[in-house]
Structure formats: structure tokens, C-alpha cells
Amino acid sequence: MSAALQYVLSGLAIGAVYSLVGLGFTIMWSSCRAANFSHGDVLMLGAVLTVVFVAHGFALLAAIPIAILICIVYGIAIERFAVRPFNSEATGIGWMLATIAIGIMLESFVTISYGSFARPLPTPLIEKPISMFGAGIYPQEVLIPVFAIGFLLCLEQFYRRTLLGRAMRAVAYDSMAAGLMGINVNRMTMISFGIAAGLGGIAGVLIAPVAQASATMGVLLGLKGFAVAIIANISNARGTVIMGLLYGVLEKFIEGYISSAARDAVGFTIVILLLLAFPQGVFGKRETFKV
Amino acid sequence: MTEQLLRIENLSVAYGRVEAARGISLSVNRGEFVAIIGSNGAGKSSTLKAIAGVVKPTTGEILLEGKPVQGLPSHEMAKRGIVLVPEGRHVFADQSVEDNLLLGAYLHARRKSRDGHGLEGMYSLFPLLGERRAQLAGSLSGGEQQMLAIARGLLARPKLLMIDEVSLGLAPKILDFLFPLLTQLNRDGLSILLVEQLATEALAVASRTYVMENGRVTIEGPSSQLARDPRVMEAYLGKRAAAPKPPGASL
Amino acid sequence: MSSFLKYFPLKSYFPWLTLALGIGIATLPLALENAYLLRVWMLLLIYALLALGLNLLVGLAGLVSLGQAGLFAIGAYCVSILATKAGFGFFPGFVLSMLLAGGFGVMLAYPTVRVRGVYLAVITIAFGIIVENIAIEWSSVTGGTMGISNIPKVSLIGTQLSDVQFFYLIGAIFLVGFVLHYNLIHSRFGRAMRAVTQSEIAARSIGINPIFMRTLAFVVSAVYAGAAGALYAYLNNYVNPDTFRFADSVRYLLMVILGGSGTVIGPVIGAAILTYLPEVFQALGVWQQFAYGALLAFVMFVMPLGIVGTVVHWYGLLQPKRAHSSQPWPAPQAEVDDLLEHRIERDSICLRTSSLTIAFGGLIANNQISEDVRTGTVHAVIGPNGAGKSTFLNCISGFYQPTSGKVELLGQLTVGMPTHALARLGLARTFQNTELFGQMTVLENVLVGFHTSYKGGMLATLLRLPIFFNEERHFRNLAEALLRYVGLSDYADEQARNLPFGHQRRLEIARALALSPKLLLLDEPAAGLTHGEIEDLKSLIRELASRHITVILVEHHVEMVMAISDRVMVLDYGEVIASGSVQEVQDDPKVIEAYFGSAGTREILATPVATVNRLA
């Protein structure tokens, strides 16, 4: 019982990171049917920058916003220079490889200037675990899912209640008609990539105290976040968050009941099987084929 | 006095190597109701899309109030007062009727309070939309969606409202509501450029009409004159002019 | 980025290229000073083999794999385990590793039935990670992170190969792979794969099964990866999971893109550069990885066609522009007469629909359509926009499945049959927005229409058996005759997308005729044509009907419909409102209403006879 609870609690913490990364993919994809394939590196950037700023004597609460701001600028630059030029291609190979290329450059740049080892980000929320029913968890780990769900709710309200949100949904649904309403589609795409990158940066800051910040921390998190968004249905924000949480819990159960070694093999096998069963994602609608 | 609102000179539109419109010239005066008729694939929609900035024309000039605007993206065209109600409505099906209308007023939203957008005015113009304001646009019938698309277009406060195939897939009853409504809007001062397949309906509401065929304007003139033009009939049914005999007329 | 395959300027360049590569490989060891360089060259050939396989997938079938390292690993581990644990010799292990990788290729191809694009990318990434994960964690078999280290050197006929001999073995295998790669690209299979990539619906309409073609591409690329993996294991005498990561999959993809995807030699050049690059980049120290990313970015931004693709592109631009001219059509050809000859009785029922109904959600697009189409007639379908005409065509040709009702083609029930199977029965079609294979030449577009008429199989193709050459010559002659028939032979070597619109329509008809169809569906063939072109089209359609080919014509150009149709069916709101001879339909008040609106009927019906007469 307490073991299972432990798996659920730590699963929700890591799963919430997948949710946040997946949500970033959802936001980007909705705006222009493309994304930053190296979105995991944005998360790394947020985490590493915060650690570096703190090491240079910034207060934590000052370091975080600056790091996130830089992530946002980075995301916007990616959209403008690595996604938009390739957006008209059908296969997606152009923006995929272009964003991967930028990701490789960023990763190696960080490795050179920051070092290839991992560094912790000390925060007050990682000092003492809370224990309940025999399971233990750090407040930081509670914060991540709370933030993910809170952000999702805010995002949904933003999409539903604000004009900008409505305009972004309009672009996602029908960019041609949105343009006819006077909505600047390119600017909406830029804002979307900015939001996604900011969110990625926040996810990095949230995970850094738990998992430590390193140049390579983003790769697998990014791939899993993307996989989560795809199996949920990449246009469905709520579904993506739910799927991310579920996937995190699933991983902990695999680690607990099968073996920690089998985690990714079993997890990704389930990803493949789910995609075969639900080609449009578990929370997606079937699209009709047009001739 | 008639003042030219929109003037198009020698406009061509191509998709890849496919020329949809070849050398179109037409004009709309302020306060005028102009129609373009012609069969499917004649290039009518492409012409409207080029004017609205959805597609870039390959050649030609588009002058709005004398200023060249060709090649601008659609949101810039909308800002300048050229608003297109696209073929097939294109309402935002996943948003409510009210949200669709708010998006119609997107360009003017920042300046005015909620009621200032003119939503209430639209609800009185289209009472059905008022009843369904909280419903998702996707759940509306085809006729209601067309009303929503027109209302949304009006809220953008167009200098020129362009409507592509108002009748597409709609029952006659709804058309009997929509066409008189367009006439009324025009009487109230709105300039309208209508693309329509139903020739007679278009000829009845528009004061001037262009006939397009194979990407070119083949006939143009006052609608009343075109309605009597045997070539119009021929273009539609492939008949010689005298052929349409009412049943029993041959007796 | 799709394949970039034009006819190379020198048609017979390939044997010379192969010979040059062969001589290069044979003399290379003599020129090398040390064993280390020889190793680098062996690695290069192995990566080239891998890239050739991936090229078939990416360049030909248009499928992006970001998990190729997984297949490479399967080949490497398979051969290592067989050699170290079961004492297998080189060749049995080599063949088995190719088979095993090929099996995984089938597995990976299965998802392409349903997903494409980024979805497929995720699946291939997931596959790669699974393989890597298993390699690390299943340590009793794979040796875990330490890998398998005691792989013996290759022995043939009892003697252990020296490094140079092993190099020759790799070189020979590479050359075989290189030739087969070319043979596949330049064959009906290669054409069909490119066709599926460029327009899947058009490929289906000419009888190509896209699922088969994608599976084929996946399997072949997996077999190449398996072979490369096996050689890699023998080269290093050990394998470990470090060399089979996601980043490696990206690198393999980059080899193909860098060299030029879809080209014959591009992947080899790409592999060569990316194998030698680390040697060069070593000077950069810690900036190696950064430089690699920058190179990838540079390729994507500056040369998305790759090195060979860009060179071919420039070469094409340098060629003097030649003015092409089309000939009048239809121009009778003896070969075409034979091709299109059918012994079906005129007036028999070619197509019959009974209560055909199709609904999309709540919208009934076709409602209870029952219609007989007689052999050798021109049967027109007209009606206002959105009346359901194209839906009707799509239903008959298998793109849509009807909600209820029956379709019989030549007496055979066809509901539920896929489009490509219907095409093989003799149903051909054209599309409203012309679906050509834009980056294939005009001649290839017609040639691919003969895909299902070939008898020679994969083996004959790969080994270039005599039947391959005979058939290729035969169908090329027929395709040329068809081009003469539609007056386009002057354009044969142009890319189809460069044709003027009217000529694209002709080409699409020529491709449909390559199927030797019994029933031909034409979806708005006159849209966008000039008056002269429409006159030619009219005579073509009548000519086809005189050859007992049944034509169903969806068309808005009413004058043309009335001039050439035997029967006209009028649809409105998905229902047949009139069906009969031209005269019957023209006088039907319901038809007038459909075209002119209710006001039209009111007005026309109310017009006194005197007015009508005065108008005349």
C-alpha cells in the first residue's frame, strides 16, 4: 500500500514534468502544425541558467524570471528561424532536423561553458520530505503537479476568456479564417512559441532541484513529453496533461514492479501500442479522409 | 456621385502552374452592390481570395480608395476594411457563437467595451444567433453558420464586404431570408461584392454583375441588362437562348 | 523534402560510376599508409551501406525514420551473439542478422498504415530507445553497458581474413548494396514508391497499394541497416550500447540529407563526409559537437536538396531552356489501339449503383442513388456546387465507403474493395485538382500507370533478368505512344509539375489510359482549360466511347456536357433530381431551379412566351 502510494506520488511529480513539456508541444503545434523538436533543451536552458545565476550570487527569485525570459526569447527565435522557413513542407523533415540542429548546438554550447556534470539547484522546498501513510515526498515534488494542473486551468481560461486566447484558438482551428478576421497569424505563432518556451523554462526550474541541472537533462524529458502529447492527441491540452501524469505514474510502477531497467523499454512499447490503437491519440477525434 | 472604392486591374492568380484567374479587371463603387457569377472553376473564388489577401496575385493591381494594396496579407487587408466571408463559412466550430462574433470584432476590440462591439446589433439582425449565442458554432445548421459568418464579417466593420457563395448548400427558405438581408445592408450604405452560383438570385440583388468563365470576365454590365442577356442563360445551361420553354408553353 | 530524381544527364553513367567505385575500393589499401586509415575507410563503407538503405526509405518512400540506429543495433547484436554464444560463422550470422532486422522493418512499417509524419517519427524514436534500453539492461544476453567484446575475426574457408581482406569483403558487400539500391530506384518499384510519396491518392487510383510499397521500403532499409550492423560488429570485434543512440539515428538521417536524398550516390557522399568529419573536427576540441550541429543547420538552411541534389539542380538550371510544343490530340496510334481494345459488349451494364447512400456525420452527401451506366456511353453527372458529384465518384472508385447501397462494376460487387484493387479491375480516374506525380517526368507519370501490368517480380528487378529489360522496353514504348496520343511526346523528359495546366490534364488522362480502363471517371476535366483545349477534350471523350470505354463525366462546363453526353444525371443536395437524355434534362424545371435558384424558376416559369420569343 505505502509502496503503491509512493509510486503514485513520485510518479505524479515526474509525470507533471512530462505534462509541462507535452503542453509546450501542444501549444506550439496548435499554432502552426510544427514544433521545436528539441523542446527538451529549453527545459535544460531554464534549469542551467537558474543554477548559473544563483551561483553568480543572484537571489533565487531573481534568477528564475531572468532565466525564463531568456527561454522565451530563445523559443521565439527558434520559431522565426528554424520553423517558419520550413513550415510549408509536408513531411516535416525540414523543421524537425533544423530544430534538432539548433538543439545540438545549444546542448554542446552549454556543455562547454557549464560543464558536462550535473549540478543541484538548492531550494527551500527540497530540504525536508513530507511523509504520509508511510510514503515520503519533497514539497518540491508536490509543487510540480500542482503547478502543471494550475497552469492547465489558467491556460484553459486564457483560451476561453481572453480575446488573445480566442484568437490563438481561431488560428489553431482555421488560420485562413483567422487571418480574414484581422488576426496576424504569424504573430500568434510567435506568441505561442514564446509561451511554450517560457513554460519549458519553468519546467526546467521546477525539476532542477529534484533531478539536478545538466546539459543533457532535456533530451529524454523532451522526447517523453513529445510522446505523451502525441499519444494524448497533440491538439488536446487537457488530455496531454492527464497523459503526462499517467505516464509518470506508469513509469514508477514499472520501476517498482518490473525493474527500473525496463522502464523506458516497457514505457515506449506502450507508447507505440497506444499509437497503433489510437492513431489520432487517446483523446483525439478521428479525422476524415479527404480526396 | 459615385466614388470608386475598389478597383482591380489585370489581376491574375495561379496555384503553382495552374492559372485560376487571368487578367481580371473590375471595380466596386462606394455603396454599390456588385455580383460575380459563373460556373464552378471559373475563378470567382480565387479572385475574391486574392482581393482578401488569402492568396497572392501573380500579376495585377488592387486599389482600395486609390491606394495599391495587392500582396498584403489578409490581416492587413482586414485592417484596411476589406472583409471576406469565405466559401464554406469557415466559422470557428470549436468556439461559441458569441466568441465567433467577438473574433469578428477582433480589430476593434481593444478600443471599446464589450457592448460597444455591436454584438447586440447583430443579435437583433439575426435573432437566431441571439438565441444560440452560448452554443458551439459547430452545432449550428448550415444556414445559421452562414448567418454567423456574415455577422462576424460585419463586426469587422468592412468598407467592402465580400461574400463567397452565400447560397452554398442552403435551403431556399434560408436564401429567402439572406438575400433580402443583403439588399437591406446595402441600402444602409454597405458596399458588397458577392460571388454566387445562383445566377438569378445574384442578378436580382446586385446592381451590377460580372460573368466569369475560365478565369476571365466575359460579360459585365447592369444586372437588369444581364438578366435579359441570352448568353447568360447559355453559359449556365448550354442552351440556345430561346430554349427554356415553360412547361406547356409549346402548346 | 522529397526525392530529387531527374533523368541524369548521362543515362549510362551508372556502370561507369560503379566501375570507378570498384577500382577505387580495389586500389585503396595500396595507397593507405596505416591500419587506422583502413579502418576509417571500412567504417565509411559500412555507414554508406546504412545510408543507402535509409535513402530508400526517406528519399523514395518519403518516410522519416529517427530510429535507424535501433535496426543497426539489431544487426550488430544479432551477429555478435550468434558468433560468441552459438559459434556461428560469418555468413550464416550475417544473413540471419539481415533477416532479423528485416523482420523488425515489417513491424516498424505496420504503423504507417495509420500514422505518418511526426507520429511516425515518434514511433521510430521510441523504437530506437527501446532497442538501446534493452541492449543496456538485458545484460545476460547483450553484456549490458560493457557490451560483447570477444567477437572473433572473420574467417572464410577456414582462414582468418587479414584487415585488407576484410576490407575487400566489406567493399564487395557495399558494391552489391550499391547496385541493388540503384536497381530498385530505377525500376517500377522505385517509381511506385515515389508515386506513393508524391500523391498517395493518385497512386491508389492506378492500382498501387501504398501499404505494400511503404512496407517494402521499410524492410529493404532495415535489411541494409542489419547488414551494416553485422559488418560493424565484426569490424570492431565488440559492440556496446553507446553507438546506437538517438543522436546516431539523427546522424544517419543527416548523411542522407547532406548527400542528397533520393539520389543514387548522395547517401554515399553524405556518409563519407560524416565519417571523416570527426577526424577534421578533432582539431576543434570541445567545439566538435557544436560544429556538427552547425553543419546540420547549415545543410538544412542552405542546401536542403543535399550536395548531389544541389549539383543536379544547378546543372538543370544551366541547361539551355528548350521551348516545348504540344501536338494536336487525340492523335491515333497503333499501339494505343491495341492497348485500349476491349471486347465488352456495347450496351451491357458497365456500372450499376443501387440505392447508393453515403453520409458524413449527419450530412447525407449521396442519397439513394440508383443509376445504370451502359458500356461505351458517356454518362455525365452535373449539379450545383456541393451537390455530391465528387462524392459519387469517390464512392464508385473506392475512396469512400458507402453507408448503404450497392455498387456493381462489370457485374461484380465492389463495395468494400480498396481503390487499388478496383483500378486493377479496370477502373481509372482523373481528379478535380489534377493529381500528378509532380516531381517525376512526364514519361514516368505514364509509365507508373503500367505498374500493375508488369509480370517480372522483385527478383527479376533486382538481378536485372532479361524479363526486366524486355518489359521495361515494352511499356516504355507504350508510354511513349500514349504521350504521342495526347500530343505531349515533346515534353517526355520534363517534370510533370512544370507543365502548363491544360497539359497536366492531358497527362493525367494518358496515365489513366495506361491502365487500359474499362470505366474511366473524369472529375471536371474541362475546368481551367481554354476553349481550344475543351474542343480537343470533347473529341477525345467521344473517341474513347467509340472504343467501348465507358466514361463517367463530372463537369460544370455545361455546353460540353450537353454536346457529348449520351445520358445526364443531375444531382442536387445529394439526390438525383433528373436523369435522362440531354434534351430531357435540359427541359426539366427542377434542373433549371437547381441552377438558377427558386427565383429563377419563378421568373422563368412566369415569363410569358412572348417575352421568350422576343429574347430570341
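**View 1. Leu64(B) stands opposite Lys67(B) of β5(B).** The model shown here is predicted: local features need pLDDT of at least 70, side-chain atom pairs count only at pLDDT 80 or more, and totals for chains, interfaces and linings use all residues. Residues are numbered from 1 along each chain as its sequence is written, while chains are lettered from A and ligands numbered from 1 in the order in which they are written. Strand β4 (residues 59-64) and strand β5 (residues 67-68) of chain B pair in the antiparallel sense over 2 bridges. Strands pair if DSSP finds at least two bridges between them. Helices (H or I, at least four residues) and strands (E, at least two) are DSSP runs, numbered from the N terminus. β4(B) and β5(B) form a hairpin with 2 residues between them. In the turn, Glu65(B) has a positive phi of about 50°.

**View 2. β4(B) also pairs with strand β1 (residues 4-15) of chain B.** The sense is antiparallel, over 5 bridges. One bridge partner in β4(B) is Thr59(B), which pairs with Ser12(B).

**View 3. Leu64(B) lies in strand β4 of chain B.** Is Leu64(B) buried or exposed? Leu64(B) is buried, because 22 other C-beta atoms lie within 10 Å. A residue is buried if 20 or more other C-beta atoms lie within 10 Å of its own, exposed if 12 or fewer, and partly exposed in between; C-beta atoms are placed from the backbone. Leu64(B) touches Leu6(B), Val69(B), Arg80(B) and Ile82(B), not counting residues up to four places away in sequence. Two residues are in contact if their C-beta atoms lie within 7 Å. Val28(B) is 36 residues from Leu64(B) in sequence and 9.7 Å away in space, C-alpha to C-alpha.

**View 4. Helix α2 (residues 35-60) of chain C bends by about 30° at Leu54(C).** The bend at a residue is the angle between axes fitted to the seven residues ending there and the seven starting there. α2(C) has 26 residues. From first C-alpha to last, α2(C) reaches 37 Å, close to the 38 Å expected. The expected span is 1.5 Å times one less than the number of residues. After α2(C) comes Gly62(C), with a positive phi near 65°.

**View 5. Helix α12 (residues 266-281) of chain C bends by about 25° at Thr275(C).** A proline, Pro278(C), follows within four residues. α12(C) has 16 residues and reaches 22 Å, close to the expected 22 Å. Its buried residues include Val268(C), Ala271(C), Leu274(C) and Thr275(C). Their cover includes α2, α11 and α14 (306-318) of chain C.

**View 6. Chain C meets chain A through 37 residues of chain C and 33 residues of chain A.** Elements that give two or more residues to the chain C side are α5 (117-137), α11 (246-259) and α13 (288-302). The largest share, 13 residues, comes from α5(C). The chain C side divides into 29 nonpolar, 6 polar and 2 charged residues. Ala, Val, Leu, Ile, Met, Phe, Trp, Tyr, Cys and Pro count as nonpolar, Asp, Glu, Lys and Arg as charged, and the others, Gly among them, as polar.

**View 7. Chain A has 11 helices and 2 strands.** From the N terminus, the order is α-α-α-α-β-β-α-α-α-α-α-α-α. Of its 291 residues, 57% count as buried. The C-alpha atoms fill a box of roughly 55 × 45 × 35 Å along the principal axes.
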